[in-house]
Amino acid sequence: MLKLLSLLILALYAILPTSPVQKALADMETGMDANMLAYLNWFIPFDNARDITLVWLNCILAYYVYQMVKKIVMDYIIGKLLA
């Protein structure tokens, strides 16, 4: 069963391309000037958007961890009071 599963995963892996953005990068090199990305980044600050998104995701993660710890602690306290 394990060998069958590993063969299935290897077959699916062989179907996938080496890079999902390989075609897009090749088209960008031939059809668009490389400096165009710098101009686009001036209008849409991708680096700032990435940093803001990472901070937001970290805040959401911290909130979920806080909620989980609070639930575990409260369940423990309530369990001790009822026991």
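## A first look at an all-helix model

The chain has a mean pLDDT of 84, with 88% of its residues at 70 or more; pLDDT is the predictor's confidence in each residue, from 0 to 100. This is a predicted model, in which local features need pLDDT of at least 70 and side-chain atom pairs count only at pLDDT 80 or more, while totals for chains, interfaces and linings use all residues. Residues are numbered from 1 along each chain as its sequence is written, and side-chain values use heavy atoms, with hydrogens and water left out.

Let us begin with the helices. The chain has four helices and zero strands, giving the pattern α-α-α-α along the sequence. Helices (H or I, at least four residues) and strands (E, at least two) are DSSP runs, numbered from the N terminus. Where pLDDT is low, the predicted coordinates should not be read in detail.

Helix α1 covers residues 2-15, which makes 14 residues. From its first C-alpha to its last, helix α1 reaches 20 Å, close to the 20 Å expected at 1.5 Å a residue; the expected span is 1.5 Å times one less than the number of residues. The number of buried residues in α1 is zero, so this helix lies largely in the open.

A nonpolar patch on the surface includes Leu61, Val65, Met68, Ile72, Tyr76 and Leu82, and its members together have about 1200 Å² of accessible area. Patches are made of residues with over 30% relative accessible area and no salt bridge; like charges are joined within 9 Å, and nonpolar side chains (Val, Leu, Ile, Met, Phe, Trp, Tyr) within 5 Å. Val65, one of the patch members, lies in helix α4 (residues 46-82) and is partly exposed at 39%.

Now for the charged side chains. The structure holds two salt bridges, each a side-chain nitrogen of Lys or Arg within 4 Å of a carboxyl oxygen of Asp or Glu.

| Salt bridge | N to O distance |
|---|---|
| Arg50 and Asp51 | 3.2 Å |
| Asp75 and Lys71 | 3.1 Å |

Arg50 is partly exposed at 48%, and Asp51 is partly exposed at 37%. Asp75 and Lys71 both lie in helix α4, four residues apart, about one turn of the helix. Asp75 is partly exposed at 43%, whereas Lys71 is exposed at 52%.

Finally, the aromatic rings. A search of the whole structure finds one aromatic pair. Tyr63 and Tyr64 form this tilted pair, with 6.0 Å centre to centre and 50° between the planes. Rings of Phe, Tyr and Trp (its six-membered ring) pair if their centres lie within 6.5 Å; planes under 30 degrees apart count as stacked, over 60 as edge-to-face and the rest as tilted. Tyr63 is partly exposed at 45%, while Tyr64 is exposed at 55%.

Definitions and conventions: Buried < 20%, exposed > 50% of the residue type's maximum accessible area, 1.4 Å probe, protein only. Areas by Shrake-Rupley, 256 points an atom, 1.4 Å probe, with all protein chains shown as cover.
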